[in-house]
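Subject: Structure for your review

Dear colleague,

Please find below the structure that I am handing over to you.

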Amino acid sequence: MASSEDDPAERHNAEILSIDAGGTMTDTFLMDSDGEFTVGKAKTTPDDESRGFIRSSQDALEDWNLSVEEGFPDLVSTVYSGTAMLNRLVERESEVDVGILITGGMEDTLRMGRGRQSYTGYSYSDRLHVNTHKHPEPLIPRNRIRGVRERIDVKGNTLVPLYEDGVRDGVNDLLDQGVDHIVVMFLHSYKNEDHEHRTKEIAEEIIDERDADTTVMLSSEYYPTLKESERLNTVTAEAFAAEPSRDQLSNIQEAVDEQGGDVGVRVMASHGGTIDIHANELARTLISGPIGGMIGANYFGQKLDYENLVCTDIGGTSFDMGIIIDNDWQIDYSPEMARLLLSLPMVNMESVGAGTGSYVRVNPTFDKIELGPESAGDQVGVSAVETDVETVTVTDCHVAMGWINPDNFLGGDMPIDRDVAEQEIEAQVAEPLDMGVYEAAQGVIDILESKLRNDLEAVVTGEGYAPSNFKCLSYGGGGPVHTAGYTKDLGFDEVLIPEWAAAFSAFGCGAADYEYRYDQTTSIDIDPDLSMREAAETAGAELTEVWKRLEQKVVNEFENSNIGRDEIDFQYHILGQYQGQLNSIDIESPVGRADTPEKLERVLDTFEAGYRRQYSEEARSPELGHTITQASVRGVRDVVKPEIPTEQLQDTEPPEDAYKGSREAYWDGEWMETEIYDLHALQPGNELSGPAVMEGAATTYTLPPDCETRLDEHRVHHLTRTE
Amino acid sequence: MPESYPREHIEDLVDDNLEWNQLHDMMSDYKDADRFQKVRDVLQERVDWDDPIIIPYAEHLYVVAKPDDRWVIKCDCGHEFCEHDENWKADALINVRDSEEEYLEIYPEDMHPHPDYMELREFFCPGCNTLLEVTNVMPGYPLIHEFEPDIETFYNEWIEEPIPTA
């Protein structure tokens, strides 16, 4: 799986197709039944995404001398992720008009948003400074938002009954404006959805009477979670951004069917699984971050028995970090997308704007090297002579220092000129600071790596974990160049670099489960003075009811794709806390029902164990009683996943054909003769010590002088320090 | 980051005609090296008098150079207030709102401060009657001299350029 060998005699059986339709290019990742892969590219076609989809697939299949008609019938898994939905949010432009009915007095909720929304998504310095804060444009103009008199309190009691005439006026007014969807969002409807349901009945009667083609969407049906601003943003995004994509996704399915494919297209969802294109809730396929790598890392960990992983992904523009504990990721329940806070479960990642394409500039006020936050992205740097980048990037520094082979960038597809890199570093960085070129380049790398190290340490220790309990997994095209630098002195148990690091995110998309996930805010108290029997009959029964309801939603979604209940593997989660606390912890429950004392006790024991692990034994306070603040159900169905290679261990000495020669490279202030290897020609069992550079098709793995690496039988490098 | 923005861009900045994302980019970036002189140039072109502007002082107000090496605070209508290191407010026309009745001219009912605790002082230019500043202070509070620019340090050490002279 390390690289796709081009052997025309071999008939490839294209099994897994994973497509990422970006703003400009549609990327394809294709894997065959032997675990070999190839990639393809085509221009994204926003009018009808299925054309770009087919062309990109064709581009990939051509590497294996296959046409789409020949390749598609073999497919067993197809995962699509597009940016059309996210673009609607970013551009605040949609093909549909949406109207909102909201609790009277709350009509400006969308416009006021939350304080956090005025800086969320901005760079660190822009978040710090008030003059760069600004509230984002609301999705829906004020004249399409109508208030309805009603009020339900935080406990679900009706304080003001629903004024049905108000509903009628509001619906008629919105229909007069020709809206395609009416979104209903009342306060605390996650606790008591009666008013929203009644509003839907009334609205649908009027829609029928007026023979309109308008749908009604309730926040309590879609996202029954606390916090009205996020809930409203999310259900509005569902109507405004996600629904219009349904036709596009159907087109893609049709295109697959037409080419002889016998496979249901699935879409990557923010909770880390894939869902069917017919799913009721599509907004969760809005993804702003690179979660594919996290999914890949989790699958990798499950297969190779690594329970706790810190995942690090360096691309051209950002450094993304995530934590996997006990083979599960953490969920962010209020992620930001397009500067809006949403109420969606999303695989939690921290992202900082520093990558290999980050611009390097000298701050004229302080005479100090600064990186980013802007970057050249896939334009690489000034040394990539075919691009029009004018500012030095991190990659230019690598080129100057001899770490990256100018003739082997992206396998030689991107011409790189080392002289240009040196000249520009001299002019833009070294001269203003009165330093030597290589000294300056080294300075840039040191600043980047120490920044990454700090960020990484903050992510791990900030959560209360010790790095020594984790293996650090490094991937992304730029990852292996920096791995040794950013893991230095952090004390990880081990540092792992899969040979297919550059394609790891796409590998992850192929490894995603077929999974639906539903969450509901609860406020179930388990008082400390209750016996376990009393608690099970009250709180336990209530939790069980919520789980059953969520389970049914999962079942309904799978039914859309003709998958029966018996094929689904359910997992049950809670967010729990001691009574009176502000923060909850996420617990996977060992049982799916809690209505008997035995079962409830197991749920609580799991919570106690989780609390002990995250904080400490001393911090436990069961005498306060417990509160369950959210219940979740995940339903997973098995799908075909990419194979992780397993090969015979060979000698510790690398084979001769892996050795490509040697060149001078600059390490920590010194030029040293450095051996160069072909990353993909190394054999399992091989060991190398630094300084060395291993060059692959889409990435370069650098080994500084004080480091060693060993390739294991799964083609994963284990990086260690010699001291 | 441009070392320098085009003149039209700076005019739009002065007129508040930039889109938010343009403004945001300007704020987030390193400051363009010639920003001050460009802004000064735009402002100079817009006033009807010839005294060179040394610095913009407040809305409508500038510190300008006079022939006898004096620096004075001047309104864009041409009215001259005082020396640059004196409090221009002492030379302004001042309207004080310190009664219920006067507050109600500009505030909705029950939405204004109590006149016994807080008065509103409005400062107008004697030349053009433009409202230049409003302060909301306790009755009896002195006229505070809020801003005395250190022109020498600014020109000599910050931007390292000669101070304009008449």
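How many residues does the contact take from chain B, and how many from chain A? Chain B contributes five residues to the contact, and chain A contributes seven. Sorted by class, the side of chain B that touches chain A holds three nonpolar residues and two polar ones, with no charged residues. Please bear in mind that this is a predicted model.

Chain A

The secondary structure of chain A comprises 18 helices and 35 strands. Its radius of gyration is 27 Å, close to the 27 Å that the globule rule gives for 723 residues, so chain A is as compact as a globular protein of that length. Along the principal axes, the C-alpha atoms of chain A fill a box of roughly 80 × 60 × 60 Å.

Chain A is divided into domain 1 (14-88 + 246-285), domain 2 (95-229), domain 3 (513-637) and domain 4 (656-721). Taken over C-alpha atoms, the centres of domain 3 and domain 4 of chain A are separated by 48 Å.

One helix pair in chain A may be of interest to you. Helix α14 (residues 437-461) of chain A packs against helix α15 (residues 479-487) of chain A at an angle of about 65°, and their axes are 8 Å apart. The two helices, α14(A) and α15(A), are therefore roughly perpendicular to each other, and their crossing is right-handed. On the α14(A) side, the contact is made by I445(A), E449(A), L452(A), R453(A) and L456(A), while α15(A) supplies H482(A), G485(A) and Y486(A). By class, this contact of α14(A) with α15(A) has four nonpolar, two polar and two charged residues.

Chain B

Chain B contains five helices and seven strands, which follow the pattern α-α-α-β-β-β-β-β-α-β-β-α along the sequence. The C-alpha atoms of chain B fill a box of roughly 55 × 45 × 30 Å along the principal axes.

A helix pair can be described here as well. Helix α1 (residues 7-14) of chain B and helix α3 (residues 35-46) of chain B cross at roughly 70°, and their axes come within 10 Å. That angle makes α1(B) roughly perpendicular to α3(B). From α1(B), the residues R7(B), I10(B), E11(B) and V14(B) meet K38(B), V39(B), V42(B) and L43(B) in α3(B). The contact of α1(B) with α3(B) has five nonpolar and three charged residues, and no polar ones.

With kind regards

Terms used
Residues are numbered from 1 along each chain as its sequence is written. Chains are lettered from A and ligands numbered from 1 in the order in which they are written. This is a predicted model: local features need pLDDT of at least 70, side-chain atom pairs count only at pLDDT 80 or more; totals for chains, interfaces and linings use all residues. Axes are lines fitted to C-alpha atoms, for helices over the stretch in contact, and angles run from 0 to 180 degrees between N-to-C directions. Helices (H or I, at least four residues) and strands (E, at least two) are DSSP runs, numbered from the N terminus. Angles under 35 degrees count as roughly parallel, over 145 as roughly antiparallel, 65 to 115 as roughly perpendicular and the rest as oblique. A crossing is left-handed if the near helix is turned anticlockwise from the far one by less than a right angle, and right-handed if clockwise. Two residues are in contact if their C-beta atoms, placed from the backbone, lie within 7 Å. Ala, Val, Leu, Ile, Met, Phe, Trp, Tyr, Cys and Pro count as nonpolar, Asp, Glu, Lys and Arg as charged, and the others, Gly among them, as polar. Domain bounds come from an automatic or database domain assignment. The radius of gyration is taken over C-alpha atoms; the globule rule is 2.2 Å times the number of residues to the power 0.38.
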